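Subject: Structure handover

Hello,

Here is the structure we spoke about, with the sequence. My notes on it follow below.

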Amino acid sequence: MQNTRIFITAFASVYPHYIQKAEKKGRTKEEVHEIIYWLTGYNEKNLQEILDNRTDFKTFFEKAPQINPNVSLIKGVICGYRVEDIEDDLMRNIRYLDKLIDELAKGKSMEKILRV
């Protein structure tokens, strides 16, 4: 898994796709935000700054206030890879976010998505 181009991609360029994927399946932007906040520790103000500044994924995760300690509970396949087997921390975090958004779009409850 060596597609490191995503590392320098602006989070703001992928963010609308997360929203669109959720909304197509009847979910909300607020639920996407809740997932992002849960995973990274960011809040509404931080997220808006990231979007406004076009912060790349590498910086987005490096500067995250706190990656949720329950991320190890996220299991399964996303983009053809088992998230729990991805060795690179940054790529694993990106795929965790992809996996959570995917679960949202598939209709899982927020309690299950957030591993509550």
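Is aspartate 102 buried or exposed? Please keep in mind that this is a predicted model. Aspartate 102 is buried, because its relative accessible area is 12% and the cut-off for buried is under 20%. The residue sits in helix α5. Not counting residues up to four places away in sequence, aspartate 102 touches Lys21 and Ile78.

A second residue of helix α5 to look at is asparagine 93. Asparagine 93 also counts as buried, at 13% relative accessibility. With neighbours within four places in sequence left aside, its contacts are Leu39, Phe61 and Ile67.

Next, the packing of α5 against α1. The axes of these two helices are 8 Å apart, and the angle between them is about 20°. Angles under 35 degrees count as roughly parallel, and α1 and α5 are therefore roughly parallel to each other. On the α1 side the contact is made by Phe11, Tyr18, Lys21 and Ala22; on the α5 side it is made by Leu97, Asp98, Ile101, Asp102, Leu104 and Ala105. By class, seven of the residues in this contact are nonpolar, three are charged and none is polar.

Helix α1 (residues 11-24) also packs on helix α2 (residues 29-40), at an angle of about 125° and with the axes 9 Å apart. These two helices are therefore oblique to each other, and their crossing is right-handed. From α1, the residues Phe11, Tyr15, Tyr18, Ile19, Ala22 and Glu23 take part, and they meet Lys29, Val32, His33 and Ile36 of α2. The residues of this contact divide into seven nonpolar, one polar and two charged.

In soluble globular proteins, nonpolar side chains tend to be buried together. In this model the largest nonpolar core has 38 residues, and Phe11, Ile35 and Leu97 touch the most other members. At least two residues of this core come from each of α1, α2, α3 (44-53), α4 (57-62), α5 (89-105) and α6 (110-113). Helix α5 supplies the largest share, eight residues.

Which residues is phenylalanine 11 in contact with, leaving aside its neighbours within four places in sequence? They are Tyr18, Ile36, Leu47, Ile50, Leu51, Thr55, Asp56, Phe57, Phe60 and Leu97.

Regards

How values were computed
Residues are numbered from 1 along each chain as its sequence is written. This is a predicted model: local features need pLDDT of at least 70, side-chain atom pairs count only at pLDDT 80 or more; totals for chains, interfaces and linings use all residues. Side-chain values use heavy atoms; hydrogens and water are left out. Axes are lines fitted to C-alpha atoms, for helices over the stretch in contact, and angles run from 0 to 180 degrees between N-to-C directions. Helices (H or I, at least four residues) and strands (E, at least two) are DSSP runs, numbered from the N terminus. Angles under 35 degrees count as roughly parallel, over 145 as roughly antiparallel, 65 to 115 as roughly perpendicular and the rest as oblique. A crossing is left-handed if the near helix is turned anticlockwise from the far one by less than a right angle, and right-handed if clockwise. Contact means heavy atoms within 4.5 Å. Ala, Val, Leu, Ile, Met, Phe, Trp, Tyr, Cys and Pro count as nonpolar, Asp, Glu, Lys and Arg as charged, and the others, Gly among them, as polar. A nonpolar core is a set of buried Ala, Val, Leu, Ile, Met, Phe, Trp, Tyr and Cys residues joined through side-chain atoms within 4.5 Å. Buried means under 20% relative accessible area, exposed over 50%, partly exposed in between (1.4 Å probe, protein chains only).
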